[in-house]
Amino acid sequence: MNTVKRAIRKDLLVFGSPLIGKAEIDEVNRTLLSGWLSTGPKVAAFEESFRRYKNARFAAAVSSGTAALELSLIAAELQPGDEVVTTALTFCATVNAIIHAGLKPVLADVDPNTMNICPEELERRITPRTRAMLLVHFAGRPCEMDALMDIARRHRLKIVEDCAHAIESRYKGLASGTFGDFGCFSFYVTKNLTTGEGGMVLTRRKANASRIRRMALHGLSQDAWKRFNQKEYRHYYVQECGYKYNMTDLAAAIGKHQLKRIEQNWKRRAEIWRQYDASFEDLPLVTPSRAAPGTRHAYHLYTILVDERRCGLSRDRFLDAMVKHNIGVGVHYLSIPEHPYYRREFGWRPHDYPHAMRIGRQTVSLPLSPKLSAQDVQDVVAAVGDILQRTASGSRRPPRGALTTKTPSRPRGGLR
Ligand SMILES: *Cc1c(COP(=O)(O)O)cnc(C)c1O
């Protein structure tokens, strides 16, 4: 039996804990003292810096990644009940945003090596009512954009990118979030850039950015949004029934300095990623596939697959053992059809999306924050090794990025 006798660590290593510097703290203090806490000049400046970092045409800050998705789908001007195809392996917010926008979510299975939506599977799910694809660059690995954009062109589909994992991702020189009509970002606490809570939409049309800003603040005319620098009294008018999805200056104060360190943090996570790869080489785990040539991985999640037959213990027992070692872990994600609401409402069954189902049942995300010390990384490696060595003696390791079930393997890491 795999019982953890002595924890590797005394204190809990929190999963996804953000690296917050003195610059963020000082800026938040200054913002508090300025008296302008909600949407104001700091949000406008943060939007502009993020837009420039991503080399996008327009950016609109919002209160969360979920709000970014929902407002993008509204701004896409689809008809109620139109179908939006998305991946079966994602956070529930991706699917919920489709539902809240009055649209019909349709799932497609993932490619087992990339864990991103499989272009062929996506195309198979297209019906005469399909109007958009919502792509998730899973774990920070860009989707196969050539194939997907070709499908979008042929079927006249809008493209919305869920870039919650993919702030720093690039595909053949182009930044994630600038391929389609809308690129949606999350600045939730565990993400590669955090504002506590927050989000952003990138778009190439000015009208879309204005609509999203307006819908994020009750549907009020743009002047209302700019109240912070008005020199005279102005009435504001409700142009349509909007939401309360605006970003605050307090959040933007954090984001400003997070963005300044984004590349530095990315380098640190890349380094941890390589250490994990090297350390797990002889263990019976499946480690993440390498980034494809011509692409840049955002290194948001380091996900390993624990196959019970090879590892000698189930994924859930592995999670438990990690927690007993005081190492925080995550599951990204149980496949969408595993959740009772979606099964009930849409009749989805996990077995109809076999790759997403298996990954969801085997996957474990290890800590990958730039805040990790060398000792923290060693602790994670030691805990994983300790758990597997107790149970998996004699089992052989599968190749990197390979599958433990009969999946026909594509050329790994190749663009198609
Ligand atoms: C975090 C996340 C979201 C939601 O972002 P919030 O800012 O928490 O609303 C959406 N999609 C994916 C894939 C995510 O990881």
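Three strands build an open sheet, ordered β7-β6-β10, with antiparallel pairing. β7 (174–175) and β10 (295–296) stand at the edges, and each has a single partner strand, so one side of each is left without a neighbour in the sheet. The model is predicted. Strand β6 covers residues 170–171. Its antiparallel pairing with β7 runs over 2 bridges. Within this pair, Tyr171 stands opposite Leu174 of β7.

Two elements give two or more residues to the shell around the ligand: α3 (65–75) and α4 (92–100). In total, 16 residues surround the ligand. The closest are Gly65, Thr66, Asp162, Ser186 and Lys191. By class, the shell holds 8 polar, 6 nonpolar and 2 charged residues.

For His165, the distance from a polar side-chain atom to an oxygen atom of the ligand is 2.9 Å. The ligand taken alone exposes 380 Å². The protein buries 93% of that area.

Conventions
Residues numbered from 1 in each chain as written. Predicted model: local features only at pLDDT ≥ 70, side-chain atom pairs only at ≥ 80, totals over all residues. Heavy atoms only, no water. Near = heavy atom within 4 Å. Polar contact = N/O pair within 3.5 Å; in protein donor to acceptor, adjacent residues only side chain to side chain. Areas by Shrake-Rupley, 256 points an atom, 1.4 Å probe, with all protein chains shown as cover. Helix = DSSP H or I, 4+ residues; strand = E, 2+ residues; numbered from the N terminus. Nonpolar A, V, L, I, M, F, W, Y, C, P; charged D, E, K, R; others polar. Pairing = 2+ DSSP bridges.
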